[in-house]
Amino acid sequence: LDTLEKWVTEIFSEIPNNGLPKPSFGHLTQPFDTPEFHKLYRVVPIRKVHSLSITWALPPQEQYYRVKPLHYISWLVGHEGKGSVLSFLRKKFWALALYGGNGETGFEQNSTYSIFSISVTLTDEGYKHFYEVAHVVFQYVKMLQKRGPDKRQVIWEEIQKIEANEFQYQEQTDPVDYVESLCENMQLFQKEDFLTGDQLLFEYKPEV
């Protein structure tokens, strides 16, 4: 570590600090508040696949990285056990898979908005009933909203433990990719969270 620190100091210490604040585009609110966003679009795929994607544009969530509310919601939406959306759709023979969440890329999460998407891989039968599939998804989200997160801390703690284990036992990545990732984290998180801010859950705040 001493050697590495010496190298980093030698190589990077002379890079000037321009003293400018991090750019923020928070004043550009509601970029998707247009008639074009609130529509159903049909796209003919090249591959033979039926997929239904529902996308919500939310207020910026990156400030809540210690809570990760979208990760929490995606865990509930993506659950595949008894009582889940996917379990119900599979019994109807309407769906094969379901994914929900935010990719935490610059496009999906930034200082202007955060995207939350649910994507359902449909069967041929499901494609014929995609309106009903969409209705089921909205019903489930409405149920989660109605019940609220207060009694679901056990689920949050379960997610927290799983993410902590994955962080602890992750495979070694390419050094260049790791440095690039850390540099991005330095723009987003507090100093003490540079290494972990994009992976770990720190605080349970049901109001968020």
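**Reading the labels on a predicted fold**

Tutor: Let's start at residues 167-207, where the chain is 39% helix and 0% strand, with the end C-alpha atoms 26 Å apart. Keep in mind that this is a predicted model.

Student: What does UniProt list for residues 167-207?

Tutor: The record, an unreviewed entry, gives "domain: Peptidase M16 middle/third" for that stretch. A UniProt annotation may be inferred rather than shown by experiment. Another annotation in the unreviewed entry, "domain: Peptidase M16 C-terminal", covers residues 2-153. Over residues 2-153 the chain is 34% helix and 16% strand, and the end C-alpha atoms sit 41 Å apart.

Student: How many helices and strands does the protein chain have?

Tutor: There are 7 helices and 3 strands, and along the sequence they follow the pattern α-β-α-α-β-β-α-α-α-α. The C-alpha atoms fill a box of roughly 65 × 40 × 40 Å along the principal axes.

Student: What share of the 208 residues is buried?

Tutor: That comes to 28% of the chain. As for contacts with a separation of 6 or more, 73% of them join residues 24 or more positions apart.

Student: Is Phe 93 buried or exposed, and how do you know?

Tutor: The cut-off for exposed is over 50%. Phe 93 has 64% relative accessibility, so the label is exposed.

Student: And which label does Gln 139 get, and why?

Tutor: Partly exposed covers the values between the buried and exposed cut-offs. At 45% relative accessibility, Gln 139 therefore counts as partly exposed. Gln 139 is in helix H5, and its C-alpha atom is 9.3 Å from that of Val 85, 54 residues away along the chain.

Student: Which residues touch the most other members of the largest nonpolar core?

Tutor: This core has 27 residues, and the ones touching the most other members are Leu 52, Val 85, Leu 89, Leu 98, Ile 118, Val 120 and Val 133. Elements giving two or more residues include strand S1 (50-58), strand S3 (114-122) and helix H5 (130-147). The largest share, 7 residues, comes from H5.

Student: What does Leu 89 touch?

Tutor: Leaving out residues up to four places away in sequence, Leu 89 touches Trp 94, Ala 95, Leu 98, Val 120, Val 133 and Val 136.

Student: How do you know whether H2 and H6 are roughly parallel or perpendicular?

Tutor: Look at the angle: their axes cross at roughly 105° and come within 11 Å. Angles of 65 to 115 degrees count as roughly perpendicular. H2 and H6 are therefore roughly perpendicular to each other.

Student: Which residues meet where H2 and H6 touch?

Tutor: From H2 there are His 71, Tyr 72, Trp 75 and Leu 76; from H6, Ile 155, Trp 156, Glu 158, Ile 159, Ile 162 and Glu 163. By class, that contact has 7 nonpolar, 1 polar and 2 charged residues.

Terms used
Residues numbered from 1 in each chain as written. Predicted model: local features only at pLDDT ≥ 70, side-chain atom pairs only at ≥ 80, totals over all residues. Heavy atoms only, no water. Core = buried A, V, L, I, M, F, W, Y, C linked by side-chain atoms within 4.5 Å. Buried < 20%, exposed > 50% of the residue type's maximum accessible area, 1.4 Å probe, protein only. Helix = DSSP H or I, 4+ residues; strand = E, 2+ residues; numbered from the N terminus. Contact = heavy atoms within 4.5 Å. Axes fitted to C-alpha atoms, helices over the stretch in contact; angles between N-to-C directions. Parallel < 35°, antiparallel > 145°, perpendicular 65-115°, else oblique. Nonpolar A, V, L, I, M, F, W, Y, C, P; charged D, E, K, R; others polar.
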